[in-house]
Structures are given as structure tokens and as C-alpha cells.
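Trainee: I am new to this structure. Please take me through one part of it closely, then show me what lies around that part.

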Amino acid sequence: LFAAKAVDMMGQDGFVVLLEGRAQTVNYVKSPHRFTLMLSDDTLIGKRRAAQRVMAEAVKTINADATDEQIASGLESVLDEISKDVVV
């Protein structure tokens, strides 16, 4: 409901608001101008989320001045750790 209230307030102030997000969020915003983007490959959502998880953990251990090799090693370490949660 926060997003719906925020969009409504900005609209009342004369702004044109474009809200992007998950269906569960944008479904609360009433608008005659609604459209839905469709992905050609549903697995992209999961791949995006996996990449977010890896990066969120990696930035905790990789310094800003790290070399390419250190970054690759850090990412591999995080991926190894996260993949332990995967059940095949």
C-alpha cells in the first residue's frame, strides 16, 4: 500500500508516475494505463535473483581496489558457498 499511496500523492501533485515492479506490488496501484511486460524466458527471473545473491555476498569480502583475479576468486568462493544450499 505504500507504493500506491506514494504514486497517488505524486499524481495529485501533477507528476506523471511510471511504476515498475513485481505484479504483487503494482497490482495495488489503480490506473487505466496499466501494462505488463512479459519475459520470453521465465528462468531469467531466477537467474537475476541468483546473481543478486552472489553479488550481495561478494561485496562483503571484495575490496574496491581488488584485482580481476581477486574478484573472480571472491565470486567463485561465494558461488561455492551458496551452491551448498542447492538440492539436485
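**The nonpolar patch and its surroundings**

Mentor: Met10, Phe15, Val17 and Leu19 make a nonpolar surface patch of about 330 Å². Keep in mind that this is a predicted model. Met10 has its place in helix α1, which covers residues 2-12. The relative accessible area of Met10 is 37%, so Met10 is partly exposed. A residue needs over 30% relative accessible area to join a patch, and no salt bridge.

Stay with helix α1 for a moment. Phe2 is found in this helix too. Phe2 counts as exposed, because its relative accessibility is 72%. The cut-off for exposed is over 50%. Now look across from Phe2 to Tyr28. The two are 26 residues apart in sequence, and their C-alpha atoms are 9.2 Å apart in space.

Next, move to the loop between α1 and α2, where Gly14 is found. Gly14 has a relative accessible area of 61%, so Gly14 is exposed. Compare its place with that of Ala72. Along the chain, Gly14 and Ala72 are 58 residues apart. Their C-alpha atoms are separated by 47 Å.

Now go back to Leu19, one of the patch residues. Leu19 also belongs to the lining of the largest pocket. That pocket has a volume of about 1300 Å³. Its lining counts 31 residues. Those nearest the centre are Leu19, Glu20, Gly21, Arg22 and Val26. The largest share comes from α3, with 5 residues. What is the lining made of? It divides into 16 nonpolar, 7 polar and 8 charged residues.

Follow α3 next. At 48% relative accessibility, Arg49 counts as partly exposed.

How open are the two partners? Arg53 counts as partly exposed, because its relative accessibility is 38%. Asp85 has a relative accessible area of 57%, so Asp85 is exposed.

Why can such pairs form? Side chains of opposite charge can pair when their charged atoms come close. The cut-off used for a salt bridge is a nitrogen to oxygen distance within 4 Å. The structure holds 3 salt bridges.

Take the pair of Lys60 and Glu57. Their side chains meet in a salt bridge, and the N to O distance is 3.1 Å. Lys60 counts as exposed, because its relative accessibility is 62%. Glu57 has a relative accessible area of 37%, so Glu57 is partly exposed.

Now take Glu81 and Lys84. Here the side chains meet in a salt bridge at 3.2 Å, N to O. At 49% relative accessibility, Glu81 counts as partly exposed. Lys84 is exposed, with a relative accessible area of 61%.

The patch holds Met10, Phe15, Val17 and Leu19. Leu19 is among the residues nearest the centre of the largest pocket. The largest share of that pocket's lining comes from α3.

Definitions and conventions. Residues numbered from 1 in each chain as written. Predicted model: local features only at pLDDT ≥ 70, side-chain atom pairs only at ≥ 80, totals over all residues. Heavy atoms only, no water. Patch = residues over 30% accessible without salt bridge, like charges linked within 9 Å, V, L, I, M, F, W, Y side chains within 5 Å. Areas by Shrake-Rupley, 256 points an atom, 1.4 Å probe, with all protein chains shown as cover. Helix = DSSP H or I, 4+ residues; strand = E, 2+ residues; numbered from the N terminus. Buried < 20%, exposed > 50% of the residue type's maximum accessible area, 1.4 Å probe, protein only. 1 Å grid on protein atoms, 1.4 Å probe; cavity = no way out; pocket = protein on both sides within 12 Å on 5 of 7 lines; lining within 4 Å. Points joined across faces, edges and corners; volume = space filled by probe spheres on them. Nonpolar A, V, L, I, M, F, W, Y, C, P; charged D, E, K, R; others polar.
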